[in-house]
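Work through the exercises below with the sequence and the model at hand. Each task is followed by a solution in steps.

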Amino acid sequence: MPLLKILPVRMPSRLASLGLSLIVCAAMLGTNGCISYKLTGIYVEPSAGACIYPGFTAQFTAYGTYTESGHATVTKNITDQASWTVDLPNLATVNSSGLVTSTGTAIGITDIIASAPGEFGTVRSSAPLTVETNCVSSSGAVRTLSSIHILPANQNLLSAGDTSQFVAVGHFAIAPFSDDLTRQVTWQSSNPQVATVDAAGVVTAVGAGEATITARQTLSDGMMVTGTQKVQVDSGSTSR
């Protein structure tokens, strides 16, 4: 798809917004046709707890939330389409793919920022990075899942049959600090009469009310790690 290659991400807002919309549009082709989704939110992961030694690197990921009236909310990995900056460039630098590198011996905390043009202006989000000499060592350490964060935030579905794609992001104490676990976790709805969720994290509204969507994964030692997010289905909804 050559059109995608000629639309750089750092263009004037109208053209860049068009470029991001085309990326999502292309992703939807073959399933729901070409829908003009608009970027309305960004989440940067890992959202908390990233810590590296001076001179080390950490990978950050940007997830974009796209909406279009009357259609499902779509969450996409837009790491390579976002513009990346760092709050304290003397502490760390970040490249166009979200890879952060500590600049040397300096220690401290800085924000890693991802931004992209949305429907009503620039949408941005940030996450903190700590650079220090006493981070958890990755040498010989076991990379164990510590928490799960479900994206996007609490969803409001208008009517039965509406859907929303949830993404389960796993957080770890050592690098790499986050992974997309959407198809690895077990999904569950607290109230299937309000909303159901399939193995790929797609939530479908069934009837009016509120449901809690849970993503869980059992660790090798038997411990269970879970993440939750609320779904509200409007009172006028009825099953189709």
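**Exercise 1: salt bridges**

The structure holds two salt bridges, a salt bridge being a side-chain nitrogen of Lys or Arg within 4 Å of a carboxyl oxygen of Asp or Glu. This is a predicted model, in which local features need pLDDT of at least 70 and side-chain atom pairs count only at pLDDT 80 or more, while totals for chains, interfaces and linings use all residues. Residues are numbered from 1 along each chain as its sequence is written, and side-chain values use heavy atoms, with hydrogens and water left out.

Task: locate both pairs and state the exposure of their members.

Step 1. Asp179 and Arg143 form a salt bridge, with N to O at 2.9 Å. Asp179 is in strand E15 (residues 178-180) and Arg143 in the loop between strand E10 (121-131) and strand E11 (145-151), 36 residues apart. Strands here are DSSP runs (E, at least two residues), numbered from the N terminus.

Step 2. Asp179 has a relative accessible area of 29% and is partly exposed; Arg143 is also partly exposed, at 29%. The classes are buried under 20%, exposed over 50% and partly exposed in between (1.4 Å probe, protein chains only).

Step 3. Glu210 and Lys230 form a salt bridge at 3.7 Å, N to O. Glu210 belongs to strand E19 (residues 209-218) and Lys230 to strand E20 (residues 224-233), so the pair ties together parts 20 residues apart in sequence. Glu210 is partly exposed at 44%, and Lys230 is partly exposed at 35%.

**Exercise 2: a charge over a ring**

Task: over the face of which residue does Arg143 lie?

Step 1. The criterion is NZ of Lys or CZ of Arg within 6 Å of the ring centre and within 35 degrees of the ring normal.

Step 2. Arg143 lies over the face of Phe172, 3.7 Å from the ring centre.

**Exercise 3: the sheet around E4**

Task: what is the strand order of the open three-stranded sheet?

Step 1. Two strands pair if DSSP finds at least two bridges between them. Strand E1 (residues 38-45) pairs with E4 in the antiparallel sense over seven bridges. Glu45 stands opposite Thr61 in E4, and Val44 has Ala62 as its bridge partner.

Step 2. E4 also pairs with strand E5 (residues 74-77), antiparallel, over four bridges. Tyr63 stands opposite Asn77 in E5.

Step 3. The order is E1-E4-E5, with antiparallel pairing. E1 and E5 are the edge strands, each pairing on one side only.

Step 4. Strand E4 (residues 61-67) is mostly covered, with six of its seven residues buried.
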